[in-house]
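I opened the file to note down a few contacts, the helix packing and the sheet. The entries follow in the order in which I looked things up.

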Amino acid sequence: IRSNGTYTEHDVGSRKPSNGSNTSIARNENRLTAGVLPARPTRLSVLRRLSNALMRKSLTKIDLSQRGLVASDARLVKWALQQNASLAILKLGFNDFGDQGVTTLSEGISEHSALASLDLGFNNIGDQGCMALSSSLMARVSQNIKSGTGKLHTLY
């Protein structure tokens with residue numbers, strides 16, 4: 001337990017200061033600060049951080065669930081797949097990619113052999129998106145059989 005005089009680390013779970021006042025606390029890089037709790041990141045800030053992270057080209061997991069992403073954002077996620085050959089887990093659930101976004105993503109999925117887990121649940125995907133996704137997965141399976149690379153273990 002670390003303390004900075006007023007707050008202690010175990011206070012983070014309850015979101016209450018140890019002095020009994022009603023001031024809320026927030027955790028910022030393992031530091032506690034008094035004030036208003038941080039708001040959920042905006043769609044634009046999420047995309048900006050993803051764009052910066054992609055420059056490292058060593059991502060193994062991307063979780064963009066519940067970030068308000070739309071079909072036009074799928075291009076950046078597709079680029080993430082192309083730039084990060086070691087990306088194994090991609091979580092995109094509870095966004096609004098729809099058929100158009102999933103069709104764009106499908107192009108990147110078919111060429112990405114390291115992807116082992118893909119979550120696209122609750123994205124308003126219709127028949128067109130499902131057809132595009134199934135075509136890309138079939139192409140991926142045939143590539144994986146020829147090259148002996150990894151399988152997609154989880155699809156949600």
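Entry 1. I began with the contacts of Ser 106, counting heavy atoms within 4.5 Å as a contact. With neighbours within four places in sequence set aside, Ser 106 is in contact with Ala 132, Leu 133 and Ser 136. I place Ser 106 in helix 4, residues 98-110; helices here are DSSP runs of H or I with at least four residues, strands are runs of E with at least two, and both are numbered from the N terminus. Is Ser 106 buried or exposed? Ser 106 is buried, because its relative accessible area is 3%; buried means under 20%, exposed over 50%, and partly exposed in between, with a 1.4 Å probe and protein chains only.

Note on the source. This is a predicted model, in which local features need pLDDT of at least 70 and side-chain atom pairs count only at pLDDT 80 or more, while totals for chains, interfaces and linings use all residues. Residues are numbered from 1 along each chain as its sequence is written, and side-chain values use heavy atoms, with hydrogens and water left out.

Entry 2. I then listed the elements of the protein chain. I find five helices and six strands, running α-β-β-α-β-α-β-α-β-α-β from the N terminus on. Of the 156 residues, 36% are buried. Among contacts with a separation of 6 or more, 69% are between residues 24 or more positions apart.

Entry 3. Next came Ala 71, in the loop between strand 3 and helix 3. Ala 71 has a relative accessible area of 17% and is therefore buried.

Entry 4. I checked residues other than glycine with positive phi. Gln 66 has phi near 55° and is found in the loop between strand 3 and helix 3. Phe 94 has phi near 60° and lies in the loop between strand 4 and helix 4. Gln 66, at 45% relative accessibility, counts as partly exposed, and so does Phe 94, at 43%.

Entry 5. For helix packing I took helix 2 (residues 43-54) and helix 3 (residues 74-83), whose axes come within 10 Å and cross at roughly 20°. That angle is why helix 2 is roughly parallel to helix 3. In the contact, Leu 47, Leu 50, Ser 51 and Leu 54 of helix 2 meet Leu 76, Val 77, Trp 79 and Ala 80 of helix 3. I sorted these residues into seven nonpolar, one polar and no charged. My classes were Ala, Val, Leu, Ile, Met, Phe, Trp, Tyr, Cys and Pro as nonpolar, Asp, Glu, Lys and Arg as charged, and the others, Gly among them, as polar. The axes are lines fitted to C-alpha atoms, for helices over the stretch in contact, with angles from 0 to 180 degrees between N-to-C directions; under 35 degrees is roughly parallel, over 145 roughly antiparallel, 65 to 115 roughly perpendicular, and the rest oblique.

Entry 6. Four strands form an open sheet in the order 3-4-5-6, with parallel pairing; two strands pair if DSSP finds at least two bridges between them. Strand 3 (61-63) and strand 6 (154-155) each have a single partner strand, so one side of each is without a neighbour in the sheet. Strand 4 (residues 89-91) pairs with strand 5 (residues 117-119) over three bridges, and Lys 91 stands opposite Asp 119 in strand 5.
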